[in-house]
Protein chains: 2
Amino acid sequence: MSQVSIKDIAREASVSHSTVSRALSNSPLVSEETRVRIQHLAREMGYSPDAQARSLVKGRTHTIGVVVTTIADPFIAEVVQGIEITAHDHGYSVILASSSFEPERELDAVEMLRSKRVDGLIVTSSRVGAIYLEHLERLAVPVVLVNNHREETGRYTFSIGVDNQHGGCLAVQHLTDLGYRRIGYVTGPANHSSNVGRLEGYRQALASAGITFDPVLVVPGNGRSDGGERALPVLMRLKPPPTAVFCYNDMTAIGLLRAAKEAGLSVPQHLAVVGFDDIPFSSYVHPSLTTVAQPKFEMGEQAVQMVLELMTACDVPTERTSNDFVQGQLIVRESSGQVAYNAR
Amino acid sequence: MSQVSIKDIAREASVSHSTVSRALSNSPLVSEETRVRIQHLAREMGYSPDAQARSLVKGRTHTIGVVVTTIADPFIAEVVQGIEITAHDHGYSVILASSSFEPERELDAVEMLRSKRVDGLIVTSSRVGAIYLEHLERLAVPVVLVNNHREETGRYTFSIGVDNQHGGCLAVQHLTDLGYRRIGYVTGPANHSSNVGRLEGYRQALASAGITFDPVLVVPGNGRSDGGERALPVLMRLKPPPTAVFCYNDMTAIGLLRAAKEAGLSVPQHLAVVGFDDIPFSSYVHPSLTTVAQPKFEMGEQAVQMVLELMTACDVPTERTSNDFVQGQLIVRESSGQVAYNAR
DNA sequence: TTGTAGGCGTTATCAC
DNA sequence: GTGATAACGCCTACAA
């Protein structure tokens with residue numbers, strides 16, 4: 001009933017099923033004539049090869065598993081888009097699993113993907129990246145972490161992420177180039193490597209502009225907009241207050257912008273603001289947000305390429321570690337340098 | 001090398017592979033003692049059942065295919081989140097494929113999913129829904145369309161979408177309840193069924209408030225923010241201009257808000273604005289946007305449930321049509337009724 | 001050039 | 001209870 005198989009075609013064409021198999025895979029071991037006849041017949045009968053049966057014998061599923069915390073995060077969604085499109089271009093398809101931020105569910109997902117015999121695994125924003133180290137041997141497939149939040153990256157790990165220090169440096173250099181000299185930083189989650197990196201970039205840019213680092217200008221945020229809202233009054237109470245501020249990410253900056261508006265401060269006249277991420281929103285807020293864009297699509301793209309390379313090179317089995325970094329890009333909008341149209 | 005199979009376990013345990021199979025599936029046809037022994041051994045050896053081999057014999061993959069235009073659309077991403085989580089809860093996993101708005105790629109995706117023998121198919125925002133009608137017979141699995149933009153829904157189709165008329169009615173009733181009587185509508189893509197439905201809801205709400213419909217108040221948009229920006233001057237040039245406006249969707253409303261700000265109109269004092277969708281941004285714009293929320297997660301959830309039902313009931317083979325509608329929910333924010341804190 | 005036979009890792013149906 | 005044996009749909013030596 002369900003689906004026609006090569007045996008059905010074989011019967012119809014009065015040949016053996018192996019001849020059908022060969023004809024359909026364009027094997028040279030079959031006569032031109034029967035080849036076209038079989039292929040025509042297959043199309044007519046609505047044949048669709050069974051990928052499972054094929055991969056059972058070939059040992060490859062042409063499928064890669066993708067584990068995310070939640071696909072509803074626009075940032076992650078863009079990375080996944082890069083993954084899906086790149087995978088498709090290489091003849092691979094993608095099984096998506098989300099952990100909903102629960103480590104247990106994340107392990108479930110990995111186990112399920114192992115059962116489905118994915119050829120490789122990409123994990124984004126995992127906070128439990130370390131667990132993969134233990135599971136790697138039995139997983140038997142390459143694993144690439146994207147944008148993970150772990151501190152230490154040991155052996156057996158492959159990851160790809162943005163160069164946080166470089167990005168932070170870009171952001172702050174932009175401000176120093178504009179002449180700002182008293183520049184604040186609103187942090188993200190304190191011990192995330194991304195926060196540490198961006199802070200380091202901040203210090204580096206200050207240093208190269210000949211500005212001495214002042215720790216009171218670093219105020220805590222949390223990566224969310226409410227963190228930015230709370231940070232603003234703290235910054236403005238300083239003597240003297242900063243004239244520009246670099247925020248851990250765009251959501252922080254957006255919260256800070258909102259607080260500034262309510263406090264009657266105009267941006268960028270009273271305070272220049274730079275974010276990080278370039279979430280879709282940042283061009284729509286008012287004033288639009290200067291930020292460091294993370295190449296999200298590209299990160300997905302590179303993750304797939306890394307997995308593919310690791311797959312073919314898996315004879316040299318994993319002693320190597322590789323952590324690739326992509327460079328962020330400064331996007332100048334109204335919240336820094338330029339004066340907004342209608343705010344003068 | 002790669003993965004241990006039940007045969008490996010059988011050899012190790014000195015039993016037949018069928019006994020191992022039974023032990024691992026908790027069959028009653030195996031002694032308690034060997035069952036625990038085998039299960040222990042399996043865990044020790046790092047056994048992972050091969051889902052492909054299993055589905056080859058069972059005829060079920062416990063996988064559903066999801067075709068999207070792009071996962072980077074936050075709206076779609078939330079629907080997919082609902083799909084993934086619901087599927088997971090029912091023991092199903094999700095293969096994701098994106099069409100990038102190209103019909104040809106969409107067909108590719110469907111063909112690939114057929115090869116992978118998915119048990120069901122969910123397609124979101126397809127503009128070529130009609131193609132599925134032809135392919136349905138050979139697809140041999142249930143297909144559910146989510147939020148599709150086709151006009152006619154013929155036989156053999158199953159879909160789920162928001163009740164546009166009801167939603168439009170909610171939005172405009174909210175405005176009439178507040179006392180507004182001259183209310184505009186900025187359209188979406190003219191012939192989309194969603195636009196037609198929302199317009200119909202607009203007219204219905206006017207009628208039940210005893211307001212006669214005035215066609216000049218309906219001005220064209222395009223579903224994007226620039227459409228909203230261009231619509232504002234058109235509306236304000238009317239004599240008399242509207243005091244409130246319902247927009248086809250949030251992006252349109254956001255564009256309109258921006259134009260209003262540049263024109264020196266304050267919202268909602270000079271003009272109340274209501275959108276549709278409740279995209280994540282709408283709570284962040286200023287003033288925050290009153291809107292009709294589409295239950296995106298729920299739509300994904302219901303789509304999975306529909307697929308699951310159709311799967312088990314596929315003996316009654318498809319003569320039926322079913323189009324389920326979920327109800328939107330009014331979210332009142334600053335852009336309508338309430339006056340924003342700092343705008344008085 | 002084509003057919004036969006075996007195997008991929010399961011489950012399921014028989015016997016014993 | 002357990003063990004052969006035969007599927008599931010495909011690929012691929014090896015024979016013919």
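Residues are numbered from 1 along each chain as its sequence is written, and chains are lettered from A in the order in which they are written. In this predicted model, local features need pLDDT of at least 70 and side-chain atom pairs count only at pLDDT 80 or more, while totals for chains, interfaces and linings use all residues.

**View 1. Helices α5 and α12 of chain A pack against each other.** Helix α5 (residues 74-89) and helix α12 (residues 296-312), both of chain A, pack at an angle of about 45° with their axes 7 Å apart, the helices being DSSP runs (H or I, at least four residues) numbered from the N terminus and the axes being lines fitted to C-alpha atoms over the stretch in contact, with angles from 0 to 180 degrees between N-to-C directions. Therefore α5(A) is oblique to α12(A), a word for angles that are not under 35 degrees (roughly parallel), over 145 (roughly antiparallel) or 65 to 115 (roughly perpendicular).

**View 2. Chain A touches chain B.** The contact, in which C-beta atoms placed from the backbone lie within 7 Å, takes 43 residues from chain A and 41 residues from chain B. On the side of chain A that touches chain B, α5(A) gives the most, with seven residues.

**View 3. A:Leu256 belongs to the largest nonpolar core.** This core has 161 residues, of which A:Leu256, A:Val273, B:Leu256 and B:Val273 touch the most other members. Leaving aside neighbours within four places in sequence, A:Leu256 is in contact with residues including A:Val186, A:Leu232 and A:Val273. A nonpolar core is a set of buried Ala, Val, Leu, Ile, Met, Phe, Trp, Tyr and Cys residues joined through C-beta atoms within 7 Å, where buried means that 20 or more other C-beta atoms lie within 10 Å of a residue's own.

Terms used: Helix = DSSP H or I, 4+ residues; strand = E, 2+ residues; numbered from the N terminus. Buried ≥ 20, exposed ≤ 12 C-beta atoms within 10 Å, placed from the backbone. Contact = placed C-beta atoms within 7 Å.
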